[in-house]
Amino acid sequence: MRSWLRNTLCGFILYFVTGFLWCFVIYYWKRHAYIPKDSIPSIEAMKKQIIVASKAMAVYCALPAASEHMIESGWTRSYFHISEVGWPLHFVYLALYLIFVEFGIYWMHRELHDIKPLYKHLHATHHIYNKENTLSPWAGLAFHPLDGVLQAIPHVFALFIVPVHFRTHIALLFLEAVWTSNIHDCIHGKVWPVMGAGYHTIHHTTYRHNYGHYTIWMDWMFGTLREPEDILKKD
């Protein structure tokens with residue numbers, strides 16, 4: 001219970017600090033540098049996203065509390081100190097962990113689209129934001145609570161398959177809040193092979209492409225990749 005309360009408080013702090021700073025930079029401080037004026041979401045749209053995310057936050061934060069309990073109980077392959085495996089092996093395990101998570105989130109996300117009841121009752125809550133002028137960093141965590149947990153649960157499944165450093169696992173779970181803010185800001189960073197906002201904005205408009213999370217590799221492997229440049233050429 002202490003872990004869940006701590007995680008929930010940290011989740012709210014991270015979400016609001018990240019969201020406010022991100023929006024201040026792209027919508028006010030650098031107002032005309034990144035986003036056209038007609039693509040800036042309304043205050044009302046952002047308020048609705050904040051409400052959806054806030055209602056789900058306590059459920060999201062039960063996941064790191066559950067994984068912490070399983071790790072401390074010795075049920076997983078996680079380790080507490082990098083000295084237990086050494087730095088070289090630590091980075092090998094971390095790479096394997098991230099590959100597994102990327103694969104798992106890709107297929108979880110894709111099935112949330114392909115299985116119609118899951119889309120209708122869970123994922124559709126997030127996809128009401130389907131245009132540039134409705135997407136914002138606040139939309140990054142604006143999911144049905146169960147949807148958000150399902151998309152993050154590959155992080156927990158990985159604990160039983162790949163040895164991973166305990167604090168690194170928890171940090172990566174919380175960094176999801178920062179990453180999802182990034183991929184919903186509609187700014188195409190053009191950093192290959194990162195699945196940035198340029199790719200994810202396409203996902204929100206076509207619904208059938210760019211399911212990946214950190215990189216474009218899974219979409220490339222499974223034939224669902226669509227490049228932002230392809231959209232520009234078509235236009």
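This note goes through the packing and the salt bridges of the structure, point by point.

1. The model is predicted, and local features are described at pLDDT of at least 70, side-chain atom pairs count at pLDDT 80 or more, while totals for chains, interfaces and linings use all residues. Residues are numbered from 1 along each chain as its sequence is written, and side-chain values use heavy atoms, with hydrogens and water left out.

2. The largest nonpolar core has 23 residues, and those with the most contacts inside it are Leu 63, Tyr 97, Val 101, Val 156 and Leu 159. A nonpolar core here is a set of buried Ala, Val, Leu, Ile, Met, Phe, Trp, Tyr and Cys residues joined through side-chain atoms within 4.5 Å, where buried means under 20% relative accessible area, exposed over 50%, and partly exposed in between, with a 1.4 Å probe and protein chains only. Two or more residues come from each of α4 (62-72), α5 (87-114), α7 (145-152) and α9 (166-183), and α9 gives the most, with seven residues. Helices (H or I, at least four residues) are DSSP runs numbered from the N terminus.

3. Once its neighbours within four places in sequence are set aside, Leu 63 is in contact with Val 149, Ala 152, Ile 153, Val 156 and Leu 173, contact meaning heavy atoms within 4.5 Å. A second, separate core of 18 residues includes Tyr 15, Ile 50, Cys 61 and Leu 141.

4. The structure holds three salt bridges, each defined as a side-chain nitrogen of Lys or Arg within 4 Å of a carboxyl oxygen of Asp or Glu. One of them joins Arg 6 to Glu 68, with the closest N and O atoms 2.8 Å apart; this pair links distant parts of the chain, since Arg 6 is in helix α1 (residues 2-29) and Glu 68 in helix α4, 62 residues apart. Arg 6 is partly exposed at 42% relative accessible area, whereas Glu 68 counts as buried at 12%.

5. Arg 110, Asp 114 and Arg 208 are linked in a network of salt bridges. Arg 110 and Asp 114 meet at 3.6 Å, N to O, and they are separated by about one helical turn because they lie four residues apart in helix α5. Asp 114 also forms a salt bridge with Arg 208, the closest N and O atoms being 3.0 Å apart, although Arg 208 is in the loop between α10 and α11 (217-222), 94 residues from Asp 114.

6. Helix α10 (residues 197-206) is mostly covered, with eight of its ten residues buried, among them Tyr 199, His 200 and Ile 202. Just after α10, Tyr 207 takes a positive phi of about 70°.
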